[in-house]
Amino acid sequence: MKLESYSNINEFYRAAEPFLMKQEAASGNMLSSCMKQLEKQSSIHNPPFLCCVKEDKDIRLAAYMAPPGPLQLFGEEEGVESVVHKLIDEDWGIVRLSAPAALAHAFAEEWLLQTGNSYRVMSSMKLYGTANISFPLSCGGELRKATPEDREMTGRWLYEMGIENRSLLTKNEALEKAKEMIGKDSIYLWENEKSEPVSMAALTRQTPSTMTINMVYTPQEQRRKGYARACVANLSKRLLETDITYCTLYADGSNAAANELYSSIGYQEIEQYTELSFSQR
């Protein structure tokens, strides 16, 4: 196998896109990161790490990192050793890694072997996807976009969700995030029959024909009423009525309720993703 590195995101994306698009949903993290990077100028002081490992002319593994973001890998485990040596030779430090589970652990073990830097699992998520929604029994209500008037409430919900999943957002950070996402038309709310917002979900990581739903949250007092199910199902349906042909979302592998919810409306597991953090020596 031969490693080929790239000096800018345009060259990398031109080379890697056909490979990534073969599994567009599974490679969505890297695809969407590349698309965002294409929209902005890379800093000469903080250039991205971009390479592919090839066998003959076929790409087997793609690696992307735009500091301070995580290293992202997609492809076959056999190319990991070449990427590790490239990172070491160019004195790159790795703080976090996001990749399909088996690939992530293969990289981490090789990195540990070559550098002595240990790692720990930060999250283990199941990636789900669907092109068709099976609607749940109606719980009554409707879906709408969040507006600036919803900022305080959605900010509070983001803060509460952060406590539950240990993302450690401050209240001010949650409010700013809510403001930003509402400004981008990214947050949707499910209202009950009394027109009260009772659940939310958000949009992120668009690729040429897929969109990821995230930040699914229902306040404690509104749970077990079918609101999250209705919110995700209706948001997915709305997306699939546009140019989006496939919806994806992530669920904590240990969260049985969330995994059951997504399966019940037509989502099927595609891949398991792992995020790792690394010690620095």
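1. In this predicted model, helix 1 (residues 9-21) and helix 2 (residues 28-38) have axes that come within 11 Å of each other and cross at roughly 155°. Angles over 145 degrees count as roughly antiparallel, and helix 1 and helix 2 are therefore roughly antiparallel to each other. Their crossing is left-handed.

2. Which residues make this contact? Helix 1 contributes I9, N10, F12, Y13, L20 and M21, while helix 2 contributes M30, L31, C34, M35, Q37 and L38. Of the residues in the contact of helix 1 with helix 2, ten are nonpolar, two are polar and none is charged.

3. The model also contains an open sheet of twelve strands, with mixed pairing and the order 1-2-3-4-5-12-6-11-10-9-8-7. Strand 1 (2-5) and strand 7 (142-145) stand at the edges; each has a single partner strand, so one side of each is left without a neighbour in the sheet. From one strand to the next, the twist averages 25°.

4. Strands of a sheet pair through backbone hydrogen bonds, either parallel or antiparallel. L97 has L276 as its bridge partner in strand 12.

5. Helix 7 (residues 227-240) lies across strand 6 (119-130), strand 7, strand 8 (187-191), strand 9 (197-204), strand 10 (210-217) and strand 11 (246-252), and runs at about 40° to strand 9. Helix 8 (residues 256-264) lies across strand 6, strand 10 and strand 11, running at about 160° to strand 11.

6. The loop between strand 7 and helix 5 (151-165) includes E149, and D150 lies in the loop between strand 7 and helix 5 as well. Is each of these residues buried or exposed? A residue over 50% relative accessible area counts as exposed; E149 has 68% and is therefore exposed. A residue under 20% counts as buried; D150 has 8% and is therefore buried.

7. What surrounds D150, leaving aside its neighbours within four places in sequence? The residues in contact with D150 are then R144, K145, I182 and L189. For E149, a distance may be noted: E149 and Q206 are 57 residues apart in sequence and, C-alpha to C-alpha, 26 Å apart in space.

Conventions:
Residues numbered from 1 in each chain as written. Predicted model: local features only at pLDDT ≥ 70, side-chain atom pairs only at ≥ 80, totals over all residues. Heavy atoms only, no water. Axes fitted to C-alpha atoms, helices over the stretch in contact; angles between N-to-C directions. Helix = DSSP H or I, 4+ residues; strand = E, 2+ residues; numbered from the N terminus. Parallel < 35°, antiparallel > 145°, perpendicular 65-115°, else oblique. Left-handed = near helix turned anticlockwise from the far one by under 90°. Contact = heavy atoms within 4.5 Å. Nonpolar A, V, L, I, M, F, W, Y, C, P; charged D, E, K, R; others polar. Pairing = 2+ DSSP bridges. Buried < 20%, exposed > 50% of the residue type's maximum accessible area, 1.4 Å probe, protein only.
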